[in-house]
Amino acid sequence: QVRLVESGGGSVQAGGSLRLSCAASGYTLSGACMGWFRQAPGKEREVVAGRYTSAGVPYYADSWKGRFTISHDNARNTVYLQMNSLKPEDTAIYYCAADVSQQYSCRSAWTFFSRFRYWGQGTQVTVSS
């Protein structure tokens, strides 16, 4: 059974930092297509960042480029999202997702979210002004 478990969310003041973790069990993140997504209250889910853990350049949505960094640790089977210079508009539930069928490109899944097979339960991030 595959599980993705996010952690690291919390409440911070604007300008602060958080590091989210996405730990996988029953699935190897090495060589996997990964994504971080968020859903703010009353809004649709949107992509924040993504990467193919074996190679390639990470993807960042424009709103978070330069402030957020996606990374992974194969030994810990964990993907991270380092969030710096947080703003109140970053408040949302953040989700990680993994694994895309070989019929799709990893990059396409950052647009067509349903192509990800596995999702975590989410972790709340609240940024106060």
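Residues are numbered from 1 along each chain as its sequence is written. In this predicted model, local features need pLDDT of at least 70, side-chain atom pairs count only at pLDDT 80 or more, and totals for chains, interfaces and linings use all residues; side-chain values use heavy atoms, with hydrogens and water left out.

**The sheet**

Four strands form an open sheet in the order E1-E3-E8-E7, with antiparallel pairing. Strands are DSSP runs (E, at least two residues), as are helices (H or I, at least four residues), and both are numbered from the N terminus. Two strands pair if DSSP finds at least two bridges between them. Strand E1 (3-7) and strand E7 (68-73) stand at the edges, each with a single partner strand, so one side of each has no neighbour in the sheet. On average, neighbouring strands of this sheet are turned by 15° against each other, direction ignored. Axes here are lines fitted to C-alpha atoms, for helices over the stretch in contact, and angles run from 0 to 180 degrees between N-to-C directions.

Strand E3 (residues 18-25) and strand E8 (residues 78-83) run antiparallel and are joined by six bridges. Leucine 18 stands opposite methionine 83 in E8.

**Two loop residues with positive phi**

Most residues other than glycine have a negative phi. Asparagine 77 has a positive phi of about 55°. It sits in the loop between E7 and E8. Asparagine 77 is buried, at 17% relative accessible area. Buried means under 20%, exposed over 50%, and partly exposed in between (1.4 Å probe, protein chains only). Serine 85 also has a positive phi, of about 50°. Its loop runs between E8 and strand E9 (92-100). Serine 85 is partly exposed, at 40% relative accessibility.

**The disulfides**

A disulfide is a covalent bond between the sulfur atoms of two cysteines. Here it is counted when a pair of cysteine sulfur atoms lies within 2.5 Å. The count comes to two.

| Pair | S to S | About the S-S bond |
|---|---|---|
| Cysteine 22 and cysteine 96 | 2.0 Å | 60°, right-handed |
| Cysteine 33 and cysteine 106 | 2.1 Å | 85°, right-handed |

Cysteine 33 lies in strand E4 (residues 33-39) and cysteine 106 in helix H1 (residues 106-109), so this pair ties together parts 73 residues apart in sequence. Cysteine 33 is buried, at 6% relative accessible area. Cysteine 106 is buried too, at 16%. Cysteine 22 and cysteine 96 are both buried. With the bonded cysteines of the protein chain numbered in sequence order, the pairing is 1-3, 2-4.
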